[in-house]
Amino acid sequence: MHPAPTPERRYYAHTAEDEQGNRLPESSGKWQLLADHLRNVADLAAKFAAPFNASAEARLAGLLHDLGKYRFEFQAYLRGERSSSAETQHAVFGAAWAADENHPQLFASKLAIAGHHAGLHDHSDLAGMFAKRGLDIPRCLPALISKLEGELGPLPPAPVPPSWVCDEFSAEFYARIVFSCLVDADRLDTGHWPEKPAEDVVLDCDALLSTVHAERARKTSSNPDSPLAGLRNRIFDTALERATLPPGFFSLTVPTGGGKTLASMAFALAHARAHGLRRVIVVIPYLSIIEQNAAEYRRIFGDGVVLENHSGVQPRDDASEEERSRLDLVSENWDAPVIVTTSVQFLESLFASSPTRCRKLHRIPRSVVIFDEVQTLPAHVLAPTFNVLRQLATNYATSFIFSSATQPAFRRCTSLPDGFLPDELREIAPEPDELFRKLRRVSYHLPAAGVSLDWTALAQQLAAKPQVLCVVNLTRHAKEVWEQLTARLPRDEAPIHLSSAMCAEHRLSLLAQIRASLRDGRPCRVVSTQLIEAGVDVDFPEVWRALGPLDSIVQVAGRCNREGRRASGAVHVFRPAEHKLPRGVYSAAADQAALTLASLGDAATAGEQLATGSSVFAGYFQSLYDVVNTDYARPGESTIQDDRKLLRYREVSRKARVIEDSGTPVIVAGDNHGGSWAAPLIEEIRTRQLSPGKPRFTRDDLRRLQRYMVNVRAHKFQLLETRGLIRPLLPNLELHVLDVACYHPALGLMLENTQPDDFLV
């Protein structure tokens with residue numbers, strides 16, 4: 001034990017605030033001592049790194065991360081005796097110590113410490129940071145280390161990375177995951193101090209499996225007349241039987257409506273129990289409605305087990321190193337046994353450089369990851385994604401389940417060098433081709449060559465059907481079809497519109513309304529974008545789908561005659577007169593779909609093959625991957641894999657975005673017809689009475705609010721700001737509430753002369 005420094009030589013990590021957010025003086029005794037913070041962060045980071053045998057390096061990074069706070073300039077900044085400047089930077093000092101030629105093995109600590117505020121830097125930029133004039137790092141370091149060791153004792157010996165860190169890609173990812181451990185530990189200790197962060201809820205596989213079995217029994221008994229019940233039970237039982245297979249890569253190839261959601265979770269829990277894995281992560285396409293699945297899991301498992309994470313809330317990235325955002329402290333870190341998240345959140349966490357996105361990364365090792373509707377993985381990052389998935393499977397004891405009715409090939413080839421070898425992807429469903437024949441529930445009506453439909457003619461067709469779903473390729477198209485249909489129907493049969501311009505809670509309420517109408521036989525006409533295709537449990541007698549990617553066509557067919565109560569449902573594929581498509585891979589996939597359908601024969605023959613077999617999809621996806629780029633490539637620029645080899649983290653982050661402009665979330669308080677969404681929650685947050693020392697805004701608040709958020713593209717967010725149509729939820733918090741005038745009860749977020757297309761999930 002080392003004595004505490006004398007009062008005149010106390011070194012602090014952070015100041016403190018009262019419940020109103022006002023800074024407390026040093027004399028309050030509530031400022032956090034630097035030694036306490038370094039010790040806490042080191043312990044937490046070491047605990048986070050234990051599942052992949054990197055505790056020693058994570059602990060050392062934790063001890064060194066705030067080394068620069070021992071400088072006089074930083075302590076003077078905390079006391080308000082000077083403003084933030086280059087001289088108050090602190091992350092660079094611990095990083096410089098790790099970068100010393102005597103510690104060549106500490107490349108991960110060097111990168112993690114240097115970036116724990118501003119994000120991972122490109123490795124080539126570090127030397128320039130260490131050589132900044134005015135910091136005089138070589139002279140300062142011995143004195144700073146002496147102060148640290150005077151409070152905490154000698155630093156532990158510099159560890160070596162695990163033996164499997166043996167090439168450029170394994171080194172690149174290892175540095176990321178050490179960074180994740182450090183960032184999460186730092187934010188947790190700062191956000192919870194003077195209390196300790198709560199312990200993670202442990203995955204209780206036996207208890208959760210018991211509830212899954214009970215849910216399977218409930219579904220079977222509540223739907224005894226469904227001809228699909230027996231097949232679903234067979235799929236479920238086979239998945240459980242195969243859960244003891246060694247960890248690695250698995251496929252679950254089951255037609256839509258075959259019970260993939262429950263079967264994949266049963267396999268994941270049994271597999272985790274068999275191999276001592278600690279978390280189940282369900283990854284759902286960003287265009288799907290993940291709220292339904294999360295709500296279903298919460299209903300089955302109860303409170304405190306399932307964490308739903310789809311919000312893209314991030315602190316601003318232009319703050320100086322010394323300015324810590326409250327949003328940064330409460331950002332998501334996946335500290336629950338079951339995570340339900342989006343492809344955007346998962347994939348960008350694998351390749352991001354920002355602390356906010358990366359802090360959850362260390363929760364993935366020793367987990368089971370379910371990719372639901374895996375065919376929607378974005379093609380432009382497939383090559384680097386599969387390289388990282390291999391890292392996680394080989395070095396971090398992670399298993400992956402690829403679940404879909406339309407399995408992509410993902411075979412090893414020139415465009416996918418880390419794809420699967422023969423027999424490497426193990427199937428956990430019984431005889432998929434037989435399942436497709438037995439689970440046939442629809443007939444496809446494909447368009448004749450040269451025949452198209454304009455929106456007026458389409459609306460006439462839809463109006464003639466009492467219950468029908470129509471899915472189009474663009475949000476703008478959905479709005480136009482909805483308007484045409486609204487004009488043709490009586491008010492008490494108004495159609496329903498679904499799109500990403502609506503907040504999650506709005507969509508969920510509409511889905512409940514849709515299911516009730518379908519169940520009770522009432523008129524129900526729905527116009528939607530692709531977001532209804534994957535994983536949404538609705539059962540229409542008839543579906544219309546604009547010509548698009550082949551997997552999208554088959555996925556939306558899963559919303560037709562889903563329970564098999566009719567002899568056959570009808571799926572009409574049509575070519576819109578305005579056949580505009582989202583640019584890039586989506587457009588290429590639609591073109592490849594047309595070529596694949598043409599290769600299957602006439603419309604009747606092609607429709608029959610779509611309805612009864614799964615083999616067509618491997619060829620379709622392989623042909624697609626041959627013509628689209630599977631690693632970021634623009635003329636004159638390096639690929640993501642090239643940048644990863646050179647530890648260019650900023651470049652990788654820029655190029656690996658799933659959505660180029662993923663937007664900024666705004667909170668929907670209510671709509672312009674008097675409806676209320678987040679308004680009660682907003683009022684509660686703004687007016688709550690706080691206990692002394694308790695934060696005004698917590699991670700629980702952020703988690704509750706995400707269900708009422710819509711993402712807005714950057715230029716539209718600026719327009720909302722300029723027009724005064726958004727205002728902060730709380731002072732100095734980078735979360736904004738949308739003016740109710742901008743939210744339509746049927747169409748969602750709208751601006752004058754602005755189509756909903758401009759907004760994103």
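Predicted model: local features only at pLDDT ≥ 70, side-chain atom pairs only at ≥ 80, totals over all residues.
**Exercise 1.** Find how many aromatic pairs the model holds, then classify the pair of Tyr11 and Tyr70.

*Solution.* Step 1: rings pair if their centres lie within 6.5 Å, and the count comes to 26 aromatic pairs. Step 2: the ring centres of Tyr11 and Tyr70 are 5.1 Å apart, with the planes at 70°. Step 3: planes over 60 degrees apart count as edge-to-face, so Tyr11 and Tyr70 form an edge-to-face pair. Step 4: this pair links distant parts of the chain, 59 residues apart. Tyr11 lies in the segment before strand 1 (12–14), and Tyr70 in the loop between helix 2 (55–64) and helix 3 (72–78).

**Exercise 2.** Classify the pair of Phe402 and Phe410, and state which aromatic cluster holds these residues.

*Solution.* Step 1: the centres of the Phe402 and Phe410 rings are 5.9 Å apart and the planes stand at 70°, so this pair is edge-to-face. Step 2: both Phe402 and Phe410 are buried. Step 3: they belong to one aromatic cluster, whose members include Phe249, Trp334, Phe346, Tyr620 and Tyr625.

**Exercise 3.** State which ring face Lys360 lies over, and which one Arg363 lies over.

*Solution.* Step 1: Lys360 lies over the face of Trp334, 5.6 Å from the ring centre; Trp334 is one of the residues in the aromatic cluster. Step 2: Arg363 lies over the face of Phe48, at 5.0 Å from the ring centre.

Key: Residues numbered from 1 in each chain as written. Heavy atoms only, no water. Phe/Tyr/Trp six-rings, centres within 6.5 Å; stacked < 30°, edge-to-face > 60°. Helix = DSSP H or I, 4+ residues; strand = E, 2+ residues; numbered from the N terminus. Buried < 20%, exposed > 50% of the residue type's maximum accessible area, 1.4 Å probe, protein only. Lys NZ or Arg CZ within 6 Å of the ring centre and 35° of its normal.
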